[in-house]
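The sequence and the model are shown first.

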Amino acid sequence: MADDVERCREALKRCPPGHSNRPQSLNNLAISLWNRFTQRGVPSDLDESVELHRAALLLRPSGHPDRSQSLNDLAVSLRDRFTQRGSIELHRAALLLCPPGHFDRSQSLNNLASSLRDRFNQRGIPSDLDETFSLFSQLPHISHAASHIDLTAAKSWAIAAEETNHGSALVAYQTALNFLDQHVTLLSSSSRHFDVVRMATASLAVDAFSCSIRHGALTTAVELVEQGRAVFWTQLARLSSPFDELFLLGDTGAALEEEFKQLSFRLRSAFDLSTEDQSPQMRQLTMQWNDVVSRIRMLPDLSRFLLPPLFSDLRKAAEEGPVIIVNASQYSCDALIVLSDQNPVHVPIHITQTQVSDLSSEFQSVAEQFGCSDLQNKLVDILRKLWCDIVDPVVRALRVLNVHPGSRIWWCPTAEFTLLPLHAAGPYERERDNLSQIYISSYTPTLATLVRARQRVSQYASTQYFVAIGQGSPERGKELRCVAPELVAIAQRLVPIVSSFTSLEDSDATVQGALDALDHNQWLHLACHGMPNRQQPFESSFAMRDGPLMIKDIIRSNWQNLEFAFLSACHTTVGDEKSPDESIHLAAAMQFSGFRSVIGSMWSVDDEVARQVVSAFYNKLVDDSGRLDCTRAAVALHKAVKKLRRNRIPLEQQIVFVHIGV
């Protein structure tokens with residue numbers, strides 16, 4: 001920090017009075033001193049920062065393109081020095097220079113609102129708080145495509161409304177999530193922009209869900225939590241979907257489709273080259289992009305083009321059974337049962353986010369030791385806590401709703417709940433049923449994902465092409481001796497049934513071999529090492545003979561008409577530890593690439609246990625007509641695991657596999 005200040009001082013010396021770069025050098029030194037003040041708290045640094053910002057402002061008179069920025073910078077420094085009166089006046093002046101439609105208006109609104117709120121906290125004058133929210137209420141009316149600055153302002157609004165219990169909180173969250181949606185739509189779907197998504201989404205969706213519940217707006221809760229989770233995958237699905245409706249409109253539709261694709265490409269290229277989303281080029285491109293989107297939405301049946309789904313669409317996820325959203329927010333923890341034929345049902349959960357986080361950490365610590373020591377008692381204690389605090393209240397509500405025992409249910413967990421084995425919860429006592437003895441559990445990262453999977457019916461339903469890929473001797477990692485027998489057992493069961501059965505083993509089970517095989521097959525069994533990477537989730541991989549088959553390789557693929565994948569590998573549902581709501585893990589990558597139904601694992605899988613599960617599973621996946629049916633996967637897994645219990649397999653291996661999808 002000290003070196004940065006000294007470099008800026010030296011740069012200023014090279015820009016004497018009259019030099020064209022002097023205003024920028026003054027500004028740079030002022031910002032460096034302000035940064036050092038925030039780190040060290042030395043008042044003289046802040047005093048000097050204020051004076052330098054004043055000097056820069058004098059060199060940026062009325063009409064100067066950077067005057068608004070200098071006013072804002074000076075105002076921020078003055079606010080930090082508790083000269084509230086000067087700060088507020090300068091923020092007012094900056095706002096006057098940013099009329100409606102100006103790209104910097106949301107930043108000025110946020111700065112002035114924050115200063116007024118600070119003064120309210122110090123002096124308690126009600127009019128300051130009233131003006132704060134009057135300013136924030138202008139944010140939904142910005143006319144340009146939203147940037148991260150607009151999103152930051154809306155998030156500030158939501159936080160301020162929560163802290164003061166203001167009635168505008170729900171509108172603030174809706175505004176923030178709409179801005180998030182617009183901002184992410186303009187980003188490329190490459191993994192390099194994941195950090196942007198991660199920072200933008202942090203706790204926003206789960207807090208919006210909690211706010212909606214507290215306001216009694218249950219359908220809104222579903223829409224908002226859906227809008228702000230798995231943002232990367234949602235964006236990928238949107239932009240890879242065909243423009244069928246436009247195609248049907250003939251030349252007009254084709255022209256708009258081409259214009260949209262070209263502008264989207266140019267905009268993403270500009271983002272890839274720059275971290276600044278307010279450059280003149282970016283502003284012009286976003287205006288053009290916004291215009292073509294508006295014109296597309298005016299066409300028949302396209303009014304929701306690129307907009308998040310409404311509850312009327314999302315409830316279709318529950319057509320085959322209820323979906324239970326389990327949410328952990330700093331403000332409350334709640335469950336919401338989504339049904340296809342009535343409004344959602346709220347189930348209060350009497351646990352705090354901190355307690356959920358502690359329980360998750362405790363479970364992760366235990367899971368890391370599976371296979372090394374006997375942790376049965378600790379695991380049972382955790383599963384009992386899950387039952388008592390979370391799952392049992394939901395089961396009671398399902399019974400009231402006449403969801404009969406033996407029915408299928410889907411869990412849609414958020415935040416730290418995504419790391420916990422909800423499907424295995426239970427009292428673990430004689431004469432009392434665990435969840436797995438009452439209902440058949442599946443998971444889904446989002447409702448929209450499940451809706452898409454239900455709607456996507458293969459064009460090749462009459463033919464079933466199956467590939468079994470086994471890599472027991474990867475380039476790195478220990479040998480898996482049960483892979484070969486596992487593939488033999490699958491072949492014996494399926495060769496007489498499917499239209500085509502391909503087996504890739506050992507030297508044939510390479511990265512490219514696996515990718516090529518999925519160009520021609522709709523059914524996959526993959527037996528190998530799973531290699532999670534919780535710091536760089538897009539590098540999580542399956543271990544092939546010649547190296548890792550990574551999530552980023554899967555994303556680039558364009559497979560068609562996929563049905564089912566059994567991922568007989570370790571840790572395939574383990575994702576990014578910093579943003580569990582984004583579901584960046586191997587099983588999710590397979591699902592979002594098109595597989596309607598996926599089986600994955602939550603932790604390490606014993607090689608021999610995997611072989612036993614697989615053998616029993618495929619016997620149950622075949623329907624009465626002698627064909628494979630991917631919608632039977634959850635029931636088939638349920639029955640296979642039930643058979644395992646009779647073989648005295650360790651509890652953690654009985655519950656390691658989970659089903660995702662239809």
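## Basis of the model

The model is predicted, so local features need pLDDT of at least 70 and side-chain atom pairs count only at pLDDT 80 or more, while totals for chains, interfaces and linings use all residues. Residues are numbered from 1 along each chain as its sequence is written, and side-chain values use heavy atoms, with hydrogens and water left out.

## Overall form

The protein chain holds 27 helices and 14 strands; these are DSSP runs (helices H or I of at least four residues, strands E of at least two), numbered from the N terminus. The C-alpha trace spans about 85 × 55 × 55 Å along its principal axes.

For 662 residues, a compact globule would have a radius of gyration near 26 Å, and the 28 Å of the protein chain agrees with this. That radius is taken over C-alpha atoms, and the globule rule is 2.2 Å times the number of residues to the power 0.38. Of the 662 residues, 55% count as buried (buried is under 20% relative accessible area, exposed over 50%, partly exposed in between, with a 1.4 Å probe and protein chains only).

## Salt bridges

The whole structure contains 21 salt bridges, each defined as a side-chain nitrogen of Lys or Arg within 4 Å of a carboxyl oxygen of Asp or Glu. In helix H1 (residues 2-13), Glu10 and Lys13 lie three residues apart, about one turn of the helix, and their side chains meet at 3.5 Å, N to O. Glu10 is partly exposed at 38%, whereas Lys13 is exposed at 61%.

Helix H25 (residues 607-621) holds Arg611 and Glu608, which are separated by about one helical turn because they are three residues apart. Their side chains form a salt bridge at 2.7 Å, N to O.

## A positive patch

Lys620, Lys639, Lys642, Lys643, Arg645 and Arg646 form a positive surface patch. Such patches join like charges within 9 Å, using residues with over 30% relative accessible area and no salt bridge. Helix H26 (residues 633-645) supplies the largest share, four residues. Lys639 is in helix H26 and is partly exposed, at 41%.

## Two loop residues

Most residues other than glycine have a negative phi. Asp301, however, has a positive phi near 65 degrees; Asp301 lies between helix H16 (280-297) and helix H17 (311-314) and is exposed at 75%. Glu431 has a positive phi near 70 degrees, in the loop between strand S4 (408-413) and strand S5 (440-443).

Definitions and conventions: Patches are made of residues with over 30% relative accessible area and no salt bridge: like charges are joined within 9 Å, nonpolar side chains (Val, Leu, Ile, Met, Phe, Trp, Tyr) within 5 Å. Accessible areas come from the Shrake-Rupley method with a 1.4 Å probe; for residues, only the protein chains shown count as cover. Lys and Arg count as positive and Asp and Glu as negative; His and the chain ends are not counted. The place of a charge is taken as NZ of Lys, CZ of Arg, CG of Asp or CD of Glu.
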